[in-house]
Every structure is written in C-alpha cells, then in structure tokens.
Amino acid sequence: MTDPEALRRRALDALTTARARTALLTSCVDDGDLTAQHSPLMSPLVWDLAHISNQEEQWLLRAVAGHPGLRPEIDSIYDAFEHPRASRPTLPLLAPAEARLYASDVRGRVLDVLDRTALEGRPLVDAAFAFGMVAQHEQQHDETMLITHQLRRGPAALHAPAPPSGDTTGLPAEVYVPGGPFTMGTSDEPWALDNERPAHTRVVPGFHLDTVPVTNGDYQRFIAENGYGEERWWAPEGWEQIRRHSIGAPLFWFREGGQWLRRRFGVVEPVPADEPVLHVSWYEADAYARWAGRRLPTEEEWEKAARYDPATGRSLRYPWGDEDPAEEHANLGQRHLRPAAAGSYPAGSSPLGVRQLIGDVWEWTASDFLPYPGFTAFPYKEYSEVFFGPGHKVLRGGSFAVDPVACRGTFRNWDLPVRRQIFAGFRTARDATTGPGPVAA
Ligand code: AVJ
Ligand code: FE
C-alpha cells in the first residue's frame with residue numbers, strides 16, 4: 001500500500017497540471033473562438049471545458065464523495081453519447097464565464113474531497129484511482145482541444161519552444177525484436193484504465209520494427225511515386241475515402257511553388273523532412289507500409305518492442321525503464337507543439353534500441369481495439385467496452401500533445417481508421433521468418 005500522503009500529492013499534482021493546461025487552451029482565444037465550431041469533427045472548446053467538469057462532478061463529487069451533485073440538470077448536454085460532436089453547437093451550452101465558474105466550483109469541492117477521503121478500501125478510490133482517472137480524462141480532452149486549435153483558422157494563439165534536435169545518423173533502419181513470450185498489459189499500474197488490464201502472456205514471433213517513426217521525407221517519396229494514385233496499395237475503404245475526398249497528402253499539407261507546406265497552429269511552414277509524419281489516417285499508414293513492402297506492426301508487437309527487456313525477460317513500464325517520464329525521455333505534455341525530429345530522445349530508447357515509441361506521434365497499429373483475456377469493464381462500460389470491435393484501430397505511444405499521466409507502455413488509444421485530424425503517425429514492421437539477418441541501411 002502506498003503512503004496516503006504520497007497518493008494525495010500525486011492526485012493533486014495530476015489534477016493541477018491538467019487544469020493549468022485546460023486554462024491555457026481556453027484562455028488564449030476570445031469567447032467567440034470558444035463558442036465557435038472550428039470543424040464539424042470537433043466540439044466547441046467551451047463544450048470540452050464544461051464536459052471536463054461535469055465528468056469530474058459525476059465521478060469525484062457524486063460517485064466518490066456521495067454528494068447529491070451541483071448541476072445534474074446539465075449532465076445530458078455534456079453526455080458525449082447523447083450528442084455527436086457536430087450537433088453540440090446547437091445545445092444550450094454554458095457560456096464561457098459560466099463554464100469557468102462551474103469548473104472552479106467543482107474543483108474547489110473536489111480538493112476538499114481529496115483531503116478527507118481515505119484512499120484505500122473501495123474499488124473506485126483504491127490508490128486514488130478515480131482522481132487519476134479524472135485527471136487522465138481532463139488531459140485527454142486537453143489533447144482533443146489542441147486538435148481543435150489545429151483546425152481553427154486565424155492567427156496563432158499558442159506558442160512553444162522547438163523540441164530538442166536529433167538525427168538518425170548511425171542508427172539502424174530497423175531493430176530485430178526476438179520471438180517468444182512477453183507480458184502484455186498490466187495488473188499493478190495503479191492508474192491504468194480497464195482496457196490495459198489484466199497483465200497476460202503473449203507469444204510474439206520475431207519481427208523487425210522501424211527504429212524511428214516514418215518521417216515526412218519518407219512519406220513525400222510515397223507521394224512522389226504516385227502512392228495515392230495506385231489502387232493496389234490501398235485497403236478498399238481507404239481507396240474509396242481518398243477518391244471521394246480527393247486526398248493526396250496528409251491533412252494540413254498543401255503544395256506551393258513546387259514545395260510541400262503545412263499549416264500548423266496558425267503558422268505556415270515548409271514540411272520538415274526529418275519530422276515524423278502526422279495527420280494521416282490508418283488507411284494512409286496501411287497503404288504506405290504496403291508500398292514500402294512492409295506492414296503496420298500489431299499492437300502486441302508494438303508493446304513488446306516498447307516494454308520487453310531481453311536481459312531480464314520482464315516488461316518495463318516505459319521503453320527506458322520503470323521511472324516516470326522526464327523531459328529527456330520523450331516529447332510529451334504539449335511542452336513543444338510539434339513532434340521532435342526522428343532520432344531524438346536517445347535517453348528514451350527501448351532496451352532493444354527502438355526510439356521515440358513514447359511521445360511525438362500516436363502510432364497506428366494493425367490491430368482492432370479488442371478486450372484482453374480477462375477484461376472487466378471498470379468503472380463504466382462507456383469508457384472502453386462499447387468501442388471494442390473491428391470499427392476502431394488501436395494507436396499506441398502518445399503524441400507531443402498528451403500528458404504523461406495519460407501515456408504509458410500499456411496505454412491504448414483507439415479511433416476510426418478514417419481519422420486524420422488526430423496527432424497520429426506510424427512506423428512499419430516486417431516478419432522475420434529467418435531470424436535477424438542483415439539490416440537495411
Ligand atoms: C481514448 C481518446 C478515444 O476522446 O474519445 C474522453 C478518451 N473518453 N472522454 C476519446 C475519452 C471519454 C477517448 N479516447
Ligand atoms: Fe470525455
């Protein structure tokens with residue numbers, strides 16, 4: 001059992017960090033921008049703001065503390081299942097000032113609850129789980145709100161320093177991950193969500209995985225060699241999508257003066273060749289991999305590459321070990337508003353030498369989002385269970401936009417294979433039926 005004061009401090013830190021990010025994302029634009037719908041794919045920012053606090057009210061004030069509730073009458077407005085994103089601007093949403101008051105009212109009461117609740121002894125409060133869950137939820141919406149900022153037109157509202165530089169000089173193009181069993185998922189990570197549980201053994205045949213994510217430079221070769229024009233590389237639904245919407249490059253890219261440019265948080269810049277590619281759908285990732293004579297890694301391959309330590313046979317919490325992410329390990333938490341160049345973050349390398357598995361870009365995997373053997377929905381079916389099935393593909397590793405609290409070696413994200421606005425890229429893999437063999441340059 002963890003020291004209750006340490007648990008309290010950790011929960012308080014996670015909630016406070018999330019709120020600082022939420023405040024920044026909702027104060028750097030005016031009220032018109034907060035209530036506008038910047039894309040039918042997204043909610044108005046002011047919906048996210050009040051939804052975060054409504055969930056916090058439901059889980060921490062009502063479920064944990066037994067409070068009757070501050071504003072149960074607005075639950076349905078902020079229920080993500082009742083209202084699709086496109087329809088949210090038409091709801092009687094709390095105005096920005098009202099939403100901010102609601103948020104601080106809920107948070108003030110939650111901090112009192114955190115002070116006086118015993119943090120062990122009940123499923124929802126063991127190891128402060130509900131507090132960790134709510135902090136992760138807020139951070140996930142902070143990533144969602146950053147996506148909305150990326151879709152918003154107009155001058156830049158957010159600024160951040162460039163990530164550390166890096167390059168792939170001297171790195172092998174791919175890493176061999178040996179075949180055999182490894183432990184996937186977790187049963188003892190206190191704030192792991194239901195879909196990451198339980199820990200179980202998987203046998204993964206040996207395979208080769210790209211050392212770094214596929215870069216814009218790599219992806220431009222696919223475009224230049226008519227990758228979008230040849231049906232044979234595409235899954236049928238992907239081919240249909242790119243034809244119907246005349247897609248010929250990642251979202252936010254455009255061509256001018258013989259050069260690829262991209263719009264990024266209100267600024268236009270040349271597409272940086274050494275950066276991991278972003279804003280591609282699962283279908284685009286899948287087509288690129290086929291064009292390259294390769295394939296997307298499965299989810300278990302990705303997790304084995306990220307966690308398996310051949311020296312001990314144990315699965316680590318993160319590629320670099322069991323310590324929580326620090327700045328030198330990975331590009332997380334919106335410290336930088338872009339991925340770092342391929343080959344950055346040597347301190348975040350996995351034991352086998354794979355780079356940038358955590359942070360920078362979410363990585364599409366070949367896998368459908370499915371429960372692990374022994375899965376139990378907790379604390380509610382709508383978190384994960386209702387999304388299981390062939391409709392959603394798993395993404396791993398987290399992007400520059402996700403906070404460490406919502407990112408681990410076991411963390412599973414999912415989305416529809418057509419999605420392009422999320423901060424997603426990918427890396428590729430190939431079977432190794434004949435063992436390590438020579439590594440391509
Ligand atoms: C895990 C990112 C797919 O945004 O739909 C937010 C997270 N769940 N509110 C999503 C989530 C409920 C979820 N993803
Ligand atoms: Fe939510």
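An unreviewed UniProt entry lists His51, His137 and His141 under "binding site". These residues are spread over 91 residues of sequence, yet they cluster in space, with a largest C-alpha distance of 10.1 Å. The model is predicted. The points below cover the listed histidines, the nonpolar core, a strand pair and some backbone exceptions.

**Histidines of the recorded site**

- His51 is found in helix α3, residues 45-64.
- His51 counts as buried because it has 23 C-beta neighbours inside 10 Å, and the cut-off is 20 or more.
- Beyond its neighbours within four places in sequence, His51 is in contact with Tyr78 and His141.
- His141 lies in helix α5, residues 129-151.
- His141 is also buried, with 23 other C-beta atoms within 10 Å.
- Neighbours within four places in sequence aside, the contacts of His141 are Asp48, His51 and Ile52.

**The largest nonpolar core**

- This core has 97 residues. Ala50, Ala130, Phe131 and Ala424 have the most contacts inside it.
- Helix α3 gives the largest share of the core, 10 residues.
- The core lies between domain 1 (4-151) and domain 2 (161-441), because both give residues to it.
- In soluble globular proteins, nonpolar side chains tend to be buried together.
- Ala50 is in contact with Tyr78, Leu93, Leu94, Ala99 and Tyr102, leaving aside neighbours within four places in sequence.

**A strand pair**

- Strands β11 (residues 389-396) and β12 run antiparallel and are joined by four bridges.
- Leu395 stands opposite Asn413 in β12.
- Strand β12 covers residues 412-415. Arg412 and Trp414 point one way from this strand, while Asn413 and Asp415 point the other way. All of these residues are buried.

**Backbone exceptions**

- Most residues other than glycine have a negative phi, and most peptide bonds are trans.
- The peptide bond from Arg197 to Pro198 is cis, with omega near -15 degrees. Pro198 lies in the loop between β2 (180-184) and β3 (200-204).
- The bond from Phe378 to Pro379 is cis too, with omega near -5 degrees. Pro379 sits in the loop between β10 (362-369) and β11.
- Ala128 is not a glycine, yet its phi is positive, at about 60 degrees. Ala128 lies in the loop between α4 (96-116) and α5. With 28 C-beta neighbours inside 10 Å, Ala128 counts as buried.
- Tyr345 has a positive phi of about 55 degrees and is not a glycine. Its place is in the loop between β9 (314-315) and β10. Tyr345 counts as buried, with 25 C-beta neighbours inside 10 Å.

Notes. Residues numbered from 1 in each chain as written. Chains lettered and ligands numbered in written order. Predicted model: local features only at pLDDT ≥ 70, side-chain atom pairs only at ≥ 80, totals over all residues. Buried ≥ 20, exposed ≤ 12 C-beta atoms within 10 Å, placed from the backbone. Helix = DSSP H or I, 4+ residues; strand = E, 2+ residues; numbered from the N terminus. Pairing = 2+ DSSP bridges. UniProt positions renumbered as here; feature names shortened; annotations may be inferred. Contact = placed C-beta atoms within 7 Å. Core = buried A, V, L, I, M, F, W, Y, C linked by C-beta atoms within 7 Å. Domains from an automatic or database assignment.
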